[in-house]
Amino acid sequence: MMKKVFMLICLIFVLVIAQAAMAEEEAPLPLKAQERMEMVLYGEPMTGGLIERLGKVEKDLFGRELPGSISERQSGLLNFIENGTLGNPSMLFKLSVAEWSVNHKVNPESPVSTRIDALETLLEGKPQVDKPLAMRLERMLSLLFPDTLTWTEVELPANTVFKAAFTQTISPAVAKKGDQVKLALAQDLVVDGNLVAPRGSLVFAEIDNVKPPRSFGRPSEITFAFKHLVPLGPEVVPVFMGDKAISVNKDNKTMAIAAGTSVVGLVALGPVGLAGGFFVKGDAKEIPAGTNIYLETSQAVTVHAWPVPPGLQGMIKEAEDMPVPSDSATSEETLSEEENVDEAKD
């Protein structure tokens, strides 16, 4: 089995190198590319010369250094890890599918080496640290799935509502404009039986504005600008707080309760106001990690997804606890809320 796995990895990487040679002029600067790979694999940049560091990545992944120029080798590695090629899913795609099939969630904030160690420990009792990472992953895939893992292109519709949770506590006392904020998908995102983004996938946002508590008892305010969801494939999915998400958040009052604000103190603004931002005010000193919020896709996007085999379809959680957005949420109501916010600011 190990020999077949090694031959498969070699074939995939030959195809990746061929694609990298054609796209060489679009490759990032060598040091930036090297740091990017090391952050994904190890969680931190390595030390030493560029050639030494590149060789370490290749040996850790494949057990040996590879031929070609520095830019060809780096582009090939990045495609292998992040993008995939010619019908072959990327290493990150495969690892996430393997994690999901075992844990029903993914752990994208951990480096690849740690994720593979943890998965092997769950499956076999201990990590196989003496083997190359790519070979270890392919071996686990062969144990988990009877057929070769593939991907397919699907269209994720615009205004698809999904639930996410803040991964960190947000405090008006320390938050600053421009700070990056991460949320984790709280449920599987699926299109026609194809897994687009498993639970745990990251959603990125940033803090657009912060107002600390002011005189006369006026509470603190935080405005978030939501950016994108990272699915299984190499694409990104733009997200925002649109009318559907506003309606679901109002109906559930999930964030208002979790953050300790009053229902009146929770105001969601759609594209008319803050271009998809989210405005929170109230008595809470902070928004705790784990606080849920509903968002939606801002446009239709073609993404690579995993066609879940029939035997695993029962694992899919397609928004089982998501309420249906109320049709009563009109643009007039949204505008009225925004006017209330303006009055509160004044």
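These legends walk through several close-up views of a predicted model.

**View 1. Helices H5 and H6 side by side.** Here we look at H5, which covers residues 91–103, and H6, which covers residues 112–124. Their axes sit 11 Å apart and the two helices pack at an angle of about 35 degrees. H5 goes past H6 in a left-handed crossing. On the H5 side, the residues that touch include Met-91, Leu-95, Ala-98 and Val-102, while H6 brings in, among them, Val-112, Ile-116, Leu-119 and Leu-123. Sort the contact residues by class and you get 10 nonpolar, two polar and two charged.

**View 2. The largest nonpolar core.** This core is made up of 38 residues. Leu-61, Met-91, Ile-116 and Trp-306 have the most contacts inside it.

**View 3. Zooming in on Met-91.** Who does Met-91 touch, once its neighbours within four places in sequence are left aside? The contacts are Leu-61, Phe-80, Ile-81, Val-112, Ile-116, Leu-133, Ala-134 and Leu-137. Elsewhere there is a second, separate core of 33 residues, and Leu-156, Ala-197, Ile-222 and Met-241 are part of it.

**View 4. Helix H7, end to end.** H7 has 12 residues, and at 1.5 Å a residue they should span 16 Å. The C-alpha atoms at its ends are 17 Å apart, so the model agrees with that expectation. Its buried residues include Leu-133, Ala-134, Leu-137 and Leu-141, and Arg-136 and Glu-138 are buried too.

View 5. Asn-194 belongs to strand E5, residues 194–197. Is Asn-194 buried or exposed? With a relative accessible area of 12%, Asn-194 counts as buried, because the cut-off for buried is under 20%. Pro-307 lies 113 residues away from Asn-194 in sequence, yet their C-alpha atoms are 4.4 Å apart in space. Beyond its neighbours within four places in sequence, Asn-194 is in contact with Thr-152, Val-154, Leu-189, Ala-305, Trp-306 and Pro-307.

**View 6. Helices H2 and H3 crossing.** The axes of H2 and H3 come within 11 Å, crossing at roughly 35 degrees, and the crossing is left-handed. From H2, the contact takes in residues including Leu-31, Gln-34, Glu-38 and Leu-41; from H3, Leu-50, Arg-53, Val-57 and Leu-61 are among them. By class, the contact has nine nonpolar, one polar and five charged residues.

Conventions: Residues numbered from 1 in each chain as written. Predicted model: local features only at pLDDT ≥ 70, side-chain atom pairs only at ≥ 80, totals over all residues. Heavy atoms only, no water. Axes fitted to C-alpha atoms, helices over the stretch in contact; angles between N-to-C directions. Helix = DSSP H or I, 4+ residues; strand = E, 2+ residues; numbered from the N terminus. Left-handed = near helix turned anticlockwise from the far one by under 90°. Contact = heavy atoms within 4.5 Å. Nonpolar A, V, L, I, M, F, W, Y, C, P; charged D, E, K, R; others polar. Core = buried A, V, L, I, M, F, W, Y, C linked by side-chain atoms within 4.5 Å. Buried < 20%, exposed > 50% of the residue type's maximum accessible area, 1.4 Å probe, protein only. Expected span 1.5 Å × (residues − 1).
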